[in-house]
Amino acid sequence: MAKFEYAPAPESRAIVSLRESYGLFIDGEFSPGVDGRAFKTISPATEEVLAEVTEAGPADVDRAVTAARKAYEHTWSQLPGKERAKYLFRIARIVQEKARELAVLESLDNGKPIRESRDVDIPLVAAHFFYHAGWADKLEYAGYGPAPRPLGVAGQVIPWNFPLLMLAWKIAPALACGNTVVLKPAETTPLTALAFAEICQQADLPPGVVNIVTGAGETGRALVTHPGIDKVAFTGSTEVGKEIARACAPARKKVTLELGGKAANIVFEDAPVDQAVEGIVNGIFFNQGHVCCAGSRLLVQESVYTEVLAALRRRLETLRLGDPLDKNTDVGAINSAAQLAKIRELSEVGEAEGAQRWSPPCELPVKGFWFPPTLFTGVSQAHRIAREEIFGPVLSVLTFRTPAEAVEKANNTPYGLSAGVWTEKGSLILWMASRLRAGVVWANTFNKFDPTSPFGGYKESGYGREGGRHGLEAYLDV
Ligand code: NDP
């Protein structure tokens with residue numbers, strides 16, 4: 001199938017006014033770091049430097065935690081829920097007002113297609129604040145007792161794949177429950193968190209309730225190990241998650257971890273093929289596959305393998321890779337040189353282990369970090385590409401004959417974050433869902449998110465839930 005010819009449709013970046021450099025957001029103000037260190041954040045699509053950002057050291061983290069403690073004790077925990085709710089509603093509305101600016105900024109700093117930041121990330125950010133604003137004055141009805149208490153100061157560390165959305169998942173429930181926060185965004189994507197700091201100022205949020213400390217892994221380590229932190233929330237790699245769990249255990253901090261995944265997307269022979277192919281594409285090529293719950297292992301029933309693979313290849317030939325700010329783009333840039341190197345390495349391992357690699361014809365831009373949509377067939381369960389999180393646009397295809405075999409293969413992973421099932425039979429969906437060891441099982445869809453729905457994993461995918469009533473538990477003393 002030939003690609004339609006589309007004229008370029010770039011979203012204007014004029015709506016974003018970047019500062020040359022950004023300080024740390026502590027106690028309601030931007031301030032320089034104590035030791036004057038800084039790093040640059042770049043556009044992964046062009047390698048252009050976007051801004052210089054302060055690297056927070058231990059003394060800065062300490063300032064931020066002190067500010068958060070003061071705000072917790074004197075202001076935020078004293079406010080009735082209905083007053084906290086007003087701030088959260090205000091933040092949600094400002095996010096909506098600035099939606100276009102935030103979407104462009106996110107696509108610039110992260111490399112994700114504007115279609116996704118505009119239609120998925122930013123609307124969900126607003127939805128998370130609206131949803132948790134609704135909870136702030138109703139916590140006694142959440143099932144955690146008549147007067148549930150907040151925990152205190154939350155230290156939150158987030159990754160680069162959904163920068164502003166992960167911030168919303170962390171900050172909205174924390175504030176709704178009466179906690180204050182110090183949040184560290186990922187080194188490669190700090191800009192929307194800093195834009196959020198400006199939104200907090202615009203919303204007149206009391207100083208110290210939200211503090212943003214930029215930096216790399218060392219800043220994250222200083223934050224989660226700070227003795228003034230009562231609760232740690234982390235999203236990122238399983239390796240770092242384990243380190244954090246070990247570091248926090250002696251201090252008995254409450255910890256929630258949302259870690260990696262290697263989800264199975266399971267297609268039965270009675271599934272509508274075109275619909276399933278859309279779900280497979282959305283499952284692994286959405287956000288360049290930088291998704292912890294990505295459907296990175298496709299399990300296809302043997303009887304429809306040839307048909308599904310042919311349809312999938314045809315569909316991949318129509319995907320457009322390129323400028324993240326172009327509204328026609330389906331696949332944007334890989335977030336960093338380091339992530340690109342990891343995807344390349346694991347793909348080479350896949351070939352060396354004997355799997356067959358295929359990508360549609362696809363011209364990659366010369367500058368920036370790019371990887372074509374890639375399929376591996378002939379994959380066995382022992383292959384590293386079937387076991388390890390690649391976190392890129394790479395799909396491993398396996399087959400099965402019976403539902404029991406599908407369950408066994410799907411569960412044959414150290415992870416357990418999500419799974420997808422494609423079939424017309426409701427009874428088979430329920431049978432599968434009750435046997436799959438995954439926090440979320442999508443039926444005839446994939447990568448659907450909603451603030452009312454708890455999200456989280458089993459096994460090495462972490463513990464604790466985010467979203468819904470269950471997500472409140474992580475921020476309450478229960
Ligand atoms: P990390 O787990 O290293 O990063 C996640 C966050 O933790 C970032 O803000 C990072 O800072 C910070 N961090 C790093 N080290 C520490 C530490 N010792 N203590 C506290 N915070 C720390 O993930 P990477 O970005 O290195 O990605 C590596 C792999 O992890 C990916 O290839 C992917 O497989 C997986 N991953 C999974 C994610 C998920 O959503 N589950 C998200 C991101 C990655 P900084 O980025 O500034 O170094």
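Predicted model: local features only at pLDDT ≥ 70, side-chain atom pairs only at ≥ 80, totals over all residues.
Asn444 belongs to the loop between strand 17 (440-443) and strand 18 (462-463). Its backbone deserves a look too: Asn444 is not a glycine, yet its phi is positive, near 55°. For background, most residues other than glycine have a negative phi.

Now over to Asp27, in the loop between strand 2 (24-26) and strand 3 (29-31). Asp27 is another residue that is not a glycine but has a positive phi, about 55°.

The space it takes is the largest pocket. Helix 7 (217-224), strand 9 (231-235), helix 8 (238-248) and helix 11 (337-352) each give two or more residues to the shell around the ligand. How many residues surround the ligand? There are 29, and the closest are Ile158, Trp160, Ser237, Leu259 and Lys342. Sorted by class, the shell holds 13 nonpolar, nine polar and seven charged residues.

Let's zoom in on some atoms. Ile158 places a backbone N or O atom 2.8 Å from a ligand oxygen. Leu259 also uses a backbone N or O atom, 2.8 Å from a nitrogen of the ligand. With Lys184, a polar side-chain atom lies 3.0 Å from a ligand oxygen. And how much of the ligand is covered? Taken alone, the ligand exposes 860 Å², and the protein buries 87% of that.

Note on methods: Residues numbered from 1 in each chain as written. Heavy atoms only, no water. Near = heavy atom within 4 Å. Polar contact = N/O pair within 3.5 Å; in protein donor to acceptor, adjacent residues only side chain to side chain. Areas by Shrake-Rupley, 256 points an atom, 1.4 Å probe, with all protein chains shown as cover. 1 Å grid on protein atoms, 1.4 Å probe; cavity = no way out; pocket = protein on both sides within 12 Å on 5 of 7 lines; lining within 4 Å. Sits in = over half its atoms within 2 Å of the grid points. Helix = DSSP H or I, 4+ residues; strand = E, 2+ residues; numbered from the N terminus. Nonpolar A, V, L, I, M, F, W, Y, C, P; charged D, E, K, R; others polar.
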